[in-house]
Amino acid sequence: MEIQTTGVNRIAETTERVLGQLKFAVLGSSLNLRLLWANLLTGGHVLLEGVPGLGKTLMVRSLAKTVDAAFARIQFTPDLMPADVTGTKVYDPQSGRFSFKRGPVFTHLLLADEINRTPPKTQAALLEAMEEGQVSIDGESIPLPSPFFVVATQNPLEYEGTYPLPEAQLDRFSVKLIVDYPGEEEEVALLREHRLSAGREARLEKVVGAEELLALREEVDRIIVEESVLRYIASIIRNTRQDPRIALGGSPRAGLSLLTLSRALAAMDGRHFVTPDDVKTVVKPVLRHRILLTPEAELEGMKTDDVIEEIVRSIQVPR
């Protein structure tokens, strides 16, 4: 237990330093920043949704600045091809051989901007990398660097010329985070501190390295989860499949995401055990993109987050 406590302390201390850096560059969005870091800790991928101008890209770039690892950004467009993401084989006339030219997906932290603006074939190339941790070129499987962390963004308002991700592909994202407008005080602070040059992002410092991240992930796996909390998570997932307002319920992968992120939150707070409150904190981000309401429920104006909240309230919380 002494080793475990030491590991938890390392995670808590690193979390405090990382979030301190992020809050310096990004005003507001404290829960989203915590969940971004929690997913990087656990190896999950993140879908960020919000209208333009809310700082989605800034959040990801700022997180990348705090990690001593490779970072790449892909602007997804309708004419982007799978080879533009994964790379391609190039013929060398001098040697008479083909050599592999790696694409931007060969990085540790990848920002996939406006993923719904590129055709399904290109989306699938990225999502295969997310699921398998490798890319396939001419029948050859090439492993990606570790850790490999993807944050994809999308705009929820503009649908003309877009290719919405199907449910099976959405399920590969650990969470879907909603980026909303800032509060009044946050917006005033943003205006007050705005500069045309030398933004706050440029002053961020490296806090953690790629190898240390992998070590911290092993510590997260050691967080204790009582049987009662495991059954609580299973009950939430199973109830999404039985609710008459839901056409498509949570998958087993959704339950695993709930479990791993709850462990991460416990470790980030310096605890070596998971509480039901940890589960409640991540239940909406984990489920909101994985469940599909029935047409009748949508016609009645029901929102996915509200249905999730009602399901959680209906389940007895373990003591």
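Select Thr294 to begin. Thr294 has a relative accessible area of 12%, so it is buried (buried means under 20% relative accessible area, exposed over 50% and partly exposed in between, with a 1.4 Å probe and protein chains only). You'll find Thr294 in the loop between E13 and helix H12 (295-299); helices (H or I, at least four residues) and strands (E, at least two) are DSSP runs, numbered from the N terminus. Not counting residues up to four places away in sequence, Thr294 touches Pro244, Arg245, Ile246 and Ala247, where contact means heavy atoms within 4.5 Å.

A word on what you're looking at: this is a predicted model, in which local features need pLDDT of at least 70 and side-chain atom pairs count only at pLDDT 80 or more, while totals for chains, interfaces and linings use all residues. Residues are numbered from 1 along each chain as its sequence is written, and side-chain values use heavy atoms, with hydrogens and water left out.

Next, click on Arg290, in the loop between helix H11 (276-287) and strand E13 (292-293). Is Arg290 buried or exposed? Arg290 counts as buried, because its relative accessibility is 4%. Show its contacts beyond four places in sequence and you'll see Asp171, Phe173, Ser174, Leu248, Gly249, Ser251, Arg253, Ala254 and Ser257.

Jump to helix H1 (residues 2-25) and pick out Gln21. Its relative accessible area is 18%, so Gln21 is buried. Setting aside neighbours within four places in sequence, Gln21 is in contact with Thr66, Leu204, Glu205 and Val207.

Now colour helix H3 (residues 56-65): 7 of its 10 residues are buried, so the rest of the structure largely encloses it. The buried ones are Lys56, Thr57, Met59, Val60, Ser62, Leu63 and Ala64.

Time for a pair of helices. Show H2 (residues 30-42) and H8 (residues 210-220), whose axes come within 8 Å and cross at roughly 90 degrees. Axes here are lines fitted to C-alpha atoms, for helices over the stretch in contact, with angles running from 0 to 180 degrees between N-to-C directions. H2 and H8 are therefore roughly perpendicular to each other (that covers 65 to 115 degrees). On the H2 side, the contact uses Trp37, Leu40, Leu41 and Thr42, and H8 brings Leu213, Leu216, Arg217 and Val220.

On to the rings. Select Phe100 and Phe106, an edge-to-face aromatic pair with 5.7 Å centre to centre and 70 degrees between the planes. Rings of Phe, Tyr and Trp (its six-membered ring) pair if their centres lie within 6.5 Å; planes under 30 degrees apart count as stacked, over 60 as edge-to-face and the rest as tilted. Phe100 is partly exposed at 25% relative accessibility, whereas Phe106 is buried at 13%.

Most residues other than glycine have a negative phi, and most peptide bonds are trans. Glu114, in the loop between strand E6 (109-113) and helix H5 (120-132), is not a glycine but has a positive phi of about 55 degrees. Lastly, go to Pro147, in the loop between strand E8 (140-143) and strand E9 (149-154). The peptide bond from Ser146 to Pro147 is cis, with omega near 0 degrees.

Definitions and conventions
Angles under 35 degrees count as roughly parallel, over 145 as roughly antiparallel, 65 to 115 as roughly perpendicular and the rest as oblique.
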